[in-house]
Structure formats: C-alpha cells, structure tokens
Amino acid sequence: MNLLWASVSHVANIIEMRKRPRRASLQLAAVTFGVASSLGCGGTTQTAPDGAAASPTATEEPPPMVNVSWPVVFSGRASGIRRLSRDEIVTTATGLMGQAPPRAALPEEPRTAYHPLRTAGVPYIGSELGKLYEVVKTFAADNSTAMLAQSGCTQTGQAEQACLLTWTQGFATRVLRRALHADEAAKLESILTSADGTPEGDKTAMKLALTAFFFAPSFLYRTEIGVPDPASPSGRILTPDEVAAKLSFFTSLSPADETLSAAALAGQLADGAARVQQFERLIQTPNGKRALSLFIHEWLAANESRIAQKSAAYLNGLTPTLAVDMRADADGFIASVLGSADPTVGNLLTGAGYVSDPVLLPITKASQDSGVATGDTPAFARVGLLMHPQVLSSHTKENGSSPFQLGRFLKEALMCDPVPPPPPNAAALAKTDAPAGLSMRETLEYRTSDAVCSSCHSQFAPLGYAFMPFDPVGRWQTQDPSGKAWDLAGSVPTLRGEALGFQSPAELAQGLAASPQVQGCFSQAALEWSLGRGLTGAEAPQIIALDAALSTNGGNVLEILKQIVSAPEFINAAPQVKP
C-alpha cells in the first residue's frame, strides 16, 4: 500500500479503524508505512521499506542478572519502529514550515508509571487516528496559503501544476525523511490536479498534499530496523540514515540537519567519537537545549503540567500564565546547570539558582490566599528541581498534601526501586478512628499502621513525609494543620544496605544527589530515553558500562549521554523476539 493512497484518497478507511480492534489499526499503520511489522506486539518478521527481509525473530531469553548500583528491571520489548512523540512532531513541523499543530491537540502518548516516555512499538489506535487526521487537516488548511507563497509558483494551467509538483516532491523528501517511491510520486501528481494558477485550485492542491505528507506513516513513525551486520552472523546494525535519525531525534527532537546527514552519507557515524562530536554540536542549538531540558522533565515525570487540575482554592491569586511561566523557569534552571562547568545530577537536585526568580514569587512569598499560611521561610531551604513548583505540582493531588504520591515518585523514578501494587482490599485495611490532636504525619501513620499497610508504606512514605508541607502547587505551608511542628525526618534503605537519613527535604535532596543508586537510576532513564522503551537483556552490557563510569563521571549528565551515544550498541538495530 502506498502512503499517499493511504493518507488521502482512502483516508476514510483509516478513520474507519476507530471501529475496529487495536491490533487492526496497528497493522494498518504498519502496512501504510511500507513496513510489515507487529510494531512491538510480537510474532512477525519485520520487513524493510524496500521489501527486503529484516531481522528474523528470536526466542526471548530470561533477562540477565546484573550487579550494579541500582535495581535494574528488564521489562522492555524491542521494536524496529518508533512513533514520533508530540514534542518531536511539533519540533519537526516547526523546522519544516515555521508552524506546527498545537501540541495539546495531538493525541497524547500512553505512559508507563514514572518512566521517560516510551514510543518504540507504540501504534496509533483507531480513536487517535481520527483525532490526528482532523488536526492535520486543519493544520494543512491553515498553512496552505503560506506554503504556496513559499513554493514561489505563480503560473497558470499545467505550468502551475508542474511547478507545484516539482516543489512538493522536494518538500516530501524533507517531511518523509526519504525520497518518494515511484508510485508515490505518481499519486502526488494526481493529488495536485486541481492546481491551475487560481487561488482556490492551488490552495486545494496544497492542502491535500500537506495533509498527505503530515498524515503519512512515514512522517509519524521512524524505523530502526537496520541491515545485516557483516561482523555478526545474527546481528543487525542501523543504516547510516537510521543512525542519523536516532542521534538527531535523541539530541534535538527533530530530523537530521544537513551537517549530520552529510556525516551519515560519508559513513562517519559508524564511529562513536564522530557521533559524540555531532552530539556536542547539536546540543548547542535551540532544539538541542530544549531536548536536554525535556529529557530532564521526563526523568522527573514532570513534562506534562498538572496545574490546571488543582482545586480553585490553591489557584486563587495565581496568574493565568503560571503553568507556562513555571515551565520556562524550570527550563532556565536546567539550562544553567547543564551549561555550567559541573552539569551533574547532583546539581540538578541541589542547586538553588531559581529560588529567587520573580516568576515564582506568587508561590514562594508569604500568603494566606489558600486559607493556610504559606511562603518560604529562612528556616526552610528550597533547593533543586524536586522542590521546584513545576515538579512538585506534577506529583500532588488536587487538594491537600500528597506525601504518599511524592514518596512513591521518589522511590521509583529516582531510585529505580518499584513499589509493589497495593492489595485489592487496601482501602478497607486503613484505620479510620485516629485519635484527636494528631499531626498530619501521625494521622497518616496511624491510618496505615495495619501490618499489611505498613509493610508497603514503610518503603516510600518516609520520603514523602519530608515533602509533606508542600501544597498542590508547591507552596511551603508554614505549619502543620494540627498546630504542631512539622516532623519531616526519616530514613530509607538503599540498594547497598546503607540507610539514607534526613531531617528535611533539603537534606533528603542532598542525600539523593550523592547516592550512586540515584545517579545510576538516572543513567538507566537516559538509556531508556535513547531507546524509546524499557530495557531488554540486550542492554545489559551498556548498563554495566554506565554503572562503571559513575565512579569517574560523578553523575555528569552530559558525560552519561555521550557515553550512550558513543557506545557500539547505539547503532545496533532492535532485536526481534517472539512473545
């Protein structure tokens, strides 16, 4: 099936997939992309876009045991196809056209717990296809006039159609990240038949072409299928174009630029040092700086703002632009740390460079707007991203304090230590007869004092109790509701058997920052971000190498990312396994 035929002439068939099972829409996406694949759902042999056989399936082996600084879980499933994220779509479209569909209007990607966004093997289901088509159609219509002007075609009749065909063929190679196939070029010609030099005819032709391009699976997905590795009878390596795409999207959320494409064409990207050189160049670009910040937000599960979900009492007195302002402030802090001489995980968690920023004054100043005395005080040291309102508000309820939510987030996202799910009757086990006069912490500890409850809560609740004074938008509440002094001290075990003790959230942040377990967990998050999925046993050597490097890089974010980029495994194609 040819992508333009699928995207325009028979778009009704795609929309119809909303009425069919998930697997049906998955298969259609794969076929229209020109890749016969299960997109990570297992069981089929992948086929490269040119129809050549790709990697054969292999029996999935039990995950290896690795002895590193953090608990590693091999729960991923490899796939040779990756769906562009909303941020990648927006960045790519902006680079191509100067405009992009609204991010919030695009289908939201499914998420797994606190892991960085995973898009490898993730298909568009039927309802998403319908929503996406409407967004793309509107985007194409809104920008067709501007793109006509960009084309420079101002002729009449067949001459105008020929001019637009030449221009759109060139534009298509940039959108699809490859040259058009012969049948696609023919279909594009048929799409442009309305072009005749009149405003209405030319706009209709451009709108149809743009819709075809931006709704094409070749735009919405990218491949990491690869070709047989001459050095390994059973292995596969990415093609130069696939390496360039992987490196560029990892580093800048967008396709390879001319410099990177030229390096790929020259065969330079097979060398790890050359890839690092390109990485260092790209992270200095605006898209590169944005990509770094976005990854840090993904690591902290704070990329999707939740400010609008908070109760009105907590939003009282705050500006309508608070969510945007907080994100920009967090981005600025991240950029300052990563642009410094010591761009470490530790400095991201303990730096205080944002605390006095005016944009955060509505959060940090003394106030009674929420009905409770709030505001940063000299005795409270707000430090690091964990206490930035952007991150705090991403892990708090709509009302009240959220120590359990925050504690579980810290345990799983920063320490890579999964908390088991509660038993089905957990709510019934909670005690409801708490004595009067207890502090908030004492009340919560009493309510969860059942043996079953406490065995679970003891694993993460102490971490959350340290953050108990923060309200849903990140204000520091100066007093416990009971009138008692806050009791924020706690201790949790680390993988090495050592106790991580603390008296305050600042001490907890400092302890986490210095922990090899946290630095190693960050390394795993970075590797998962580069792969777009969870880990498989194939990544065990990289995990061991990342852990070994922590003793010398001290949790240096850029060094960790460069190690991932330079590793020989970076150019390996995804292994295919049977379910």
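The views below all come from a predicted model.

**View 1. Ser-401 in the loop between α18 and α19.** Helix α18 covers residues 389–392 and helix α19 covers residues 403–414, and Ser-401 lies in the loop between them. Because buried means under 20% relative accessible area, Ser-401, at 10% relative accessibility, counts as buried. A polar atom of the Ser-401 side chain lies 2.9 Å from the backbone oxygen of Met-468. When neighbours within four places in sequence are left aside, the residues in contact with Ser-401 are Met-440, Met-468, Phe-470 and Gln-477.

**View 2. His-181 in the loop between α6 and α7.** His-181 has its place in the loop that runs between α6 and α7, the latter being residues 182–191. With a relative accessibility of 35%, His-181 counts as partly exposed, and its side chain makes a polar contact, at 3.5 Å, with the side chain of Arg-178.

**View 3. The crossing of helices α5 and α6.** The axes of α5 (residues 126–151) and α6 (residues 157–176) come within 10 Å and cross at roughly 105 degrees, and these two helices are therefore roughly perpendicular to each other. On the α5 side, Met-147, Leu-148, Gln-150 and Ser-151 meet Leu-164, Trp-167 and Phe-171 of α6. The residues of this contact divide into 5 nonpolar, 2 polar and no charged.

**View 4. Trp-299 and the largest nonpolar core.** The largest nonpolar core has 99 residues, and those that touch the most other members are Ile-296, Trp-299, Leu-300, Leu-414, Phe-467 and Leu-512. Helix α25 (residues 516–531) gives the most to this core, with 8 residues. Leaving aside neighbours within four places in sequence, Trp-299 is in contact with Tyr-114, Val-345, Leu-348, Leu-349, Ala-413, Leu-414, Phe-522 and Ala-525. Another core, which lies apart from this one, has 44 residues, including Ile-81, Met-97, Phe-213 and Phe-249. In soluble globular proteins, nonpolar side chains tend to be buried together.

**View 5. The buried residues of helix α12 and what covers them.** In helix α12 (residues 272–282), the buried residues are Gly-272, Ala-274, Arg-275, Val-276, Gln-278, Phe-279 and Leu-282. Among the elements that cover these buried residues are α10 (240–252), α11 (258–265), α13 (286–299) and α27 (557–566).

Notes: Residues are numbered from 1 along each chain as its sequence is written. This is a predicted model: local features need pLDDT of at least 70, side-chain atom pairs count only at pLDDT 80 or more; totals for chains, interfaces and linings use all residues. Side-chain values use heavy atoms; hydrogens and water are left out. A nonpolar core is a set of buried Ala, Val, Leu, Ile, Met, Phe, Trp, Tyr and Cys residues joined through side-chain atoms within 4.5 Å. Buried means under 20% relative accessible area, exposed over 50%, partly exposed in between (1.4 Å probe, protein chains only). Helices (H or I, at least four residues) and strands (E, at least two) are DSSP runs, numbered from the N terminus. Contact means heavy atoms within 4.5 Å. A polar contact is a pair of N or O atoms within 3.5 Å; within protein, one must be able to donate a hydrogen and the other to accept it, and residues adjacent in sequence count only if both atoms are side-chain atoms. Axes are lines fitted to C-alpha atoms, for helices over the stretch in contact, and angles run from 0 to 180 degrees between N-to-C directions. Angles under 35 degrees count as roughly parallel, over 145 as roughly antiparallel, 65 to 115 as roughly perpendicular and the rest as oblique. Ala, Val, Leu, Ile, Met, Phe, Trp, Tyr, Cys and Pro count as nonpolar, Asp, Glu, Lys and Arg as charged, and the others, Gly among them, as polar.
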